[in-house]
Amino acid sequence: MTFDTLYFDIGRMDRLSYRETFVHRLDPRAKVIATILFLFTVISFPKYEIVALAPFFLYPVLLLTVGEIPVRFIIKKMIVVSPFAVFIGIFNPILDTRTAAVIFGVSLSAGWISFLSILLKFALTISAALLLIATTSFPGVCHALRRLGFPALFVSQLLFLYRYLFVLMEEAMRIVRAREMRSFGSRGTGMKVFVRLIGILFLRTMDRAERIYYAMLSRGFHGDIPSLKRSRIAFRDLAFMAITIAFLAVFRFLPITEGIGRVA
Amino acid sequence: MHMADALLSPAVGTTLWVGTVAVGGYASKKLKERIDDRMIPLMGVLGAFIFAAQMINITIPGTGSSGHLGGGMILAIILGPHAAFLVMASVLTVQALFFADGGLLALGCNIWNLGFYPCFLVYPLIYKPLIGDSHNSGRIIAVSLLSAIAALQLGAFSVVMETLLSGKSELPFGAFVLLMQPIHLAIGVIEGFVTAGVINYVLSARPELLESIAASRSHGAEISLRKVMITFVVLAVITGGALSWFASTHPDGLEWSIEKVTGKGELQEAEHGIARVLKGIQKKTAFLPGYNFKPEGNDPKKAETAPARPGIEVGTSVSGIVGAVIVLGMIVLIGVGIRSFRGRDA
Amino acid sequence: MSHHIVEFKNVFFRYPDGTEALKGVNFRITHGESVGVVGANGAGKSTLLQHMNGYLMPTSGTVTIGDLTLTGKTKREFRKKVGIVFQNPDDQLFMPTVFDDVAFGPLNLGMDEASVRERVRKALGMVNSLDLQDKPPHHLSSGQKSAVAIASVMAMEPDILAMDEPAANLDPRSRRSLISLLKTFKHSKIIASHDLDLILDVCERCIVIGGGAVVADGPSAEILSNKAFLEENNLELPLSFQGRS
């Protein structure tokens, strides 16, 4: 992806997370915990499972629709990060060719089943992770992590990173634009220029860190980054958690999909 | 290369998370003891710097393809191992959240692969002893190259091990290693050149800068070789213990990988300890799908196609797939329903 | 109200690399005064401001506020009394949301939750930005950022407000509303800027810095209309004094 795409992409994600919907208003802790449980449940399915994974699409679909997140945007982002899983997974049908099933006369090898299983798990886990941040502001996620016991120092790193991500990306973009304007065709994108660009960006970052430190001192900073508690767990958060857990448990342990198929 | 959730088993994912959290907790504790206030904004902003720098592409000479900065090594050199590990962890966390690069369960693996090795192994064991106090640019290039290559080889090898131990991929060990290591050799060379280039550039443009950061790094936070080794052994023991515990409770992943790695075929099913208890429960309830301990007597196909391995539930595939299609159809309907309902609201 | 008097007495400052930035600066600002500090690039304006809250310490000479003299020990007291608004709001707004940012100072003063919330509400109200409190700074316009930056300083309820190029990145309309906002503050104000029209509008008094020392100190209208003097110091007449010929 080009720099600009990445930049606008992350900006769009960030803006989505500040919307006001039912999902956005849920307590970040509830969403973080629900997401983690969801991910665990999905990857706990064995290698050749595909059928029982189907109901789990309900979770991302509900977040997507109730949270009013554009489907295409999420799908695009999923495709962008898919190469590694696909690349590793595609070896399964090549290497594991034992016939595992004959469905409507077509024989299916075990490799294809396990590959399909990887793809389904990929779609479920990635969409759940993306939807967490699309429906929860990043500072919200950080406060949730802090209150779930992550070290304060680490959480303050995340918050600084988030705050200056956009500022530094803009700075990097200006530097890249300047490079592109003066490098005709391929010249100017080699190692030397690249290192120089990163070096300049680094020096500017250092100067900025110094100014930020000064600004912090001016407002009484003495080693701790204080923050106020912001949210309280409300009834709807507990309800959301309870329903999610029940949903995960039911579809993890009961062969419902199959049952539906048999009845039909 | 980032590890992905879909290739992970819960056992491996959890183990690496435990390791990463342990190292992260240790690093923040160490830092907190004697941190200079100045480091707090500096670390955060440098995280944003790595993030932004990664978005600038470089054309790899002679190939026409492009690469970018990883950052673990450069952070370790500038900030020291403890701070660098935390910064790297925060960079990867933001990537996992905003780009879903890898995923959230695989994040533990990714922080380990891309943060632990450069910061806590390569930096104290290779970079620091070899570079000493030298500011010689040639030496910086040579040592950075060596360090970056070592860090990335370790990281790549970890990806291989994590994937194999998870047992979702069919790739045999040898082929996988042959696939990953050379790619990461190339990536390591670039990482090394960029790391050295930036360090040398900063040393020539603002020689005092790196020293002033080094002064802000608390002296107590430098790591001794001995400590690294001890920590590593302890972690290895914990990891091994956790893995074998998971292996006994969750046979699906490890069994397979042991077979792949050793080529000996399936181990005898262990019928003792927790595994046996679990199996007993399964037999009574037949709840766990995929294992199907209560054979479906009414399914004739089962006998001929049942593979030698557990996990393929073939007997139910037709009804299963019909069910899956119906379920997915319902989910789509629910989604479309909510969307159109919302649309009318707006 | 003697405790709000700011006094620089023969202040010298040399950077570690040997650059002499201040060479004997003397001035005194009394309570409620608005003072503009002008001078060409590199004249020493920013260095001077950085002495106001002890980020830099004079190499020799003294800086006092009321009966408090700036030393390593009194730095923190100084920071409570003097609020500095920086040139680039992105450096000043370092917290992830507007609310957190404005609350940062009061929380560092050790206030309890209810009073912190009250301070934040008051400070954001002062700059008409209450509706921005849940936003992250990178979603704000330049004008909004500079308003919030001022609020983040006002939340500490300083006695003296020091500003470095407050209007540098603002469009004309935001600049205008900043000027009217500044006029409503009753604090002592020290504003370093190249924007001579802003100084003329907001500050009745003006100090010109050149070569690390005070070269002129007097009523803004008088100093800023002296064309020959301004040009001598690499400055020029404010637009409002320039004829349209």
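**A helix in chain B and its setting**

Tutor: Helix α3 of chain B, residues 72–79, has eight of its eight residues buried, so the rest of the structure largely encloses this helix. Here "buried" stands for a relative accessible area under 20%, "exposed" for over 50% and "partly exposed" for anything in between, using a 1.4 Å probe and protein chains only. Helices are DSSP runs of H or I with at least four residues, strands are runs of E with at least two, and both are numbered from the N terminus.

A word on the ground rules. This is a predicted model, in which local features need pLDDT of at least 70 and side-chain atom pairs count only at pLDDT 80 or more, while totals for chains, interfaces and linings use all residues. Residues are numbered from 1 along each chain as its sequence is written, chains are lettered from A and ligands numbered from 1 in the order in which they are written, and side-chain values use heavy atoms, leaving out hydrogens and water.

Back to the helix: the buried residues of α3(B) are Gly72(B), Met73(B), Ile74(B), Leu75(B), Ala76(B), Ile77(B), Ile78(B) and Leu79(B). Following α3(B) comes Gly80(B), with a positive phi near 85°.

In chain B, 54% of the 346 residues count as buried. Of its contacts (heavy atoms within 4.5 Å) between residues at least 6 apart in sequence, 70% join residues at least 24 apart. The chain exposes about 14300 Å², with carbon and sulfur atoms supplying 67% of that area; accessible areas are Shrake-Rupley values with a 1.4 Å probe, and for residues only the protein chains shown count as cover.

Another buried spot in chain B is Lys168(B), at 2% relative accessibility. Lys168(B) sits in the loop between α6 (137–166) and α7 (173–205) of chain B. Its side chain reaches the backbone oxygen of Leu8(B) at 3.5 Å. Leaving aside residues up to four places away in sequence, Lys168(B) touches residues of chains A and B, including Ile43(A), Phe45(A), Asn92(A), Leu7(B) and Thr163(B).

That brings us to chain A, which has 13 helices and two strands. Its radius of gyration is 23 Å, well over the 18 Å that the globule rule gives for 264 residues, so chain A is more spread out than a compact globule; the radius is taken over C-alpha atoms, and the rule is 2.2 Å times the number of residues to the power 0.38. Along the principal axes, the C-alpha atoms of chain A fill a box of roughly 70 × 55 × 30 Å. Buried residues make up 61% of the 264 residues in chain A.

Glu68(A), in the loop between α4 (58–66) and α5 (71–81) of chain A, has a positive phi near 55° although it is not a glycine. Glu68(A) is partly exposed, with a relative accessible area of 31%. Glu157(C), in the loop between α6 (142–154) and β7 (160–164) of chain C, also is not a glycine and has a positive phi of about 45°. At 36% relative accessibility, Glu157(C) counts as partly exposed.

Methods
A polar contact is a pair of N or O atoms within 3.5 Å; within protein, one must be able to donate a hydrogen and the other to accept it, and residues adjacent in sequence count only if both atoms are side-chain atoms.
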